[in-house]
Amino acid sequence: MRKGDYAGAEKQYQKASSADPKNASYALAYGKAAWKAKDLDTASTGLRKASQLGATEANKYLGYVLSELGDDSGASAAWTSYLKTTKDPEVEAKLKAIGG
C-alpha cells in the first residue's frame, strides 16, 4: 500500500475488522482510514463501533467526522466523551469553537 492511499487502507482495515469484529484496534484503524479517504458515513460507523469496543480514542476522530458532516451536537458529545479520558488541547479548542 502506498503512503497516502487512504482508500486502500480503508479496504485493508475493513477486511481485518470483518475478520475480527471484536478487535477495537482494527475498528479504530478502519474508521480513521475511512475518514482520511473522505468516506464519512463509513468512518462514523467504524468509529462508533471502535468506541463501543473500548477504543476511547475513537471519540476524538468521531468528533472530527461528525463536525465535517455538520453534526455539531454529535461532535460535541463525542469530544466531551473523549476528553473525560485524556487531556487534548486541540480537541478542547475544537469543542470550544462549536460551543461545547
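Tutor: Happy to. In this predicted model, helix α2, residues 24-36, packs against helix α3, residues 40-52, at an angle of about 160°, and the two axes are 7 Å apart. An angle over 145 degrees counts as roughly antiparallel, and α2 and α3 are therefore roughly antiparallel to each other. Their crossing is left-handed.

Now look at the contact itself. From α2, the residues taking part are A24, A27, L28, Y30, G31, K32, A34 and W35, and they meet L40, T42, A43, G46, L47, K49 and A50 of α3. By type, the residues of this contact divide into 10 nonpolar, 3 polar and 2 charged.

Several of these names come back when you turn to the largest nonpolar core, which has 22 residues: L28, W35 and L47 touch the most other members. At least two residues of this core come from each of α2, α3, α4 (58-68), α5 (72-83) and α6 (89-97). The largest share belongs to α4, with 6 residues. As background, nonpolar side chains tend to be buried together in soluble globular proteins.

Next, bring in helix α1, residues 6-19, where you will find S17. S17 has a relative accessibility of 6%, so this serine counts as buried. Not counting residues up to four places away in sequence, S17 touches Y26, A27, Y30 and K49. Among these, A27, Y30 and K49 also belong to the contact of α2 with α3.

Two further residues of α3 are worth a stop. S44 lies in this helix and counts as buried, because its relative accessibility is 9%, under the 20% cut-off. Beyond its neighbours within four places in sequence, S44 is in contact with L62, V65 and L66. D41 is also in α3, but this aspartate is exposed, as its relative accessible area is 57% and the cut-off is over 50%.

Technical notes: Residues numbered from 1 in each chain as written. Predicted model: local features only at pLDDT ≥ 70, side-chain atom pairs only at ≥ 80, totals over all residues. Heavy atoms only, no water. Axes fitted to C-alpha atoms, helices over the stretch in contact; angles between N-to-C directions. Helix = DSSP H or I, 4+ residues; strand = E, 2+ residues; numbered from the N terminus. Parallel < 35°, antiparallel > 145°, perpendicular 65-115°, else oblique. Left-handed = near helix turned anticlockwise from the far one by under 90°. Contact = heavy atoms within 4.5 Å. Nonpolar A, V, L, I, M, F, W, Y, C, P; charged D, E, K, R; others polar. Core = buried A, V, L, I, M, F, W, Y, C linked by side-chain atoms within 4.5 Å. Buried < 20%, exposed > 50% of the residue type's maximum accessible area, 1.4 Å probe, protein only.
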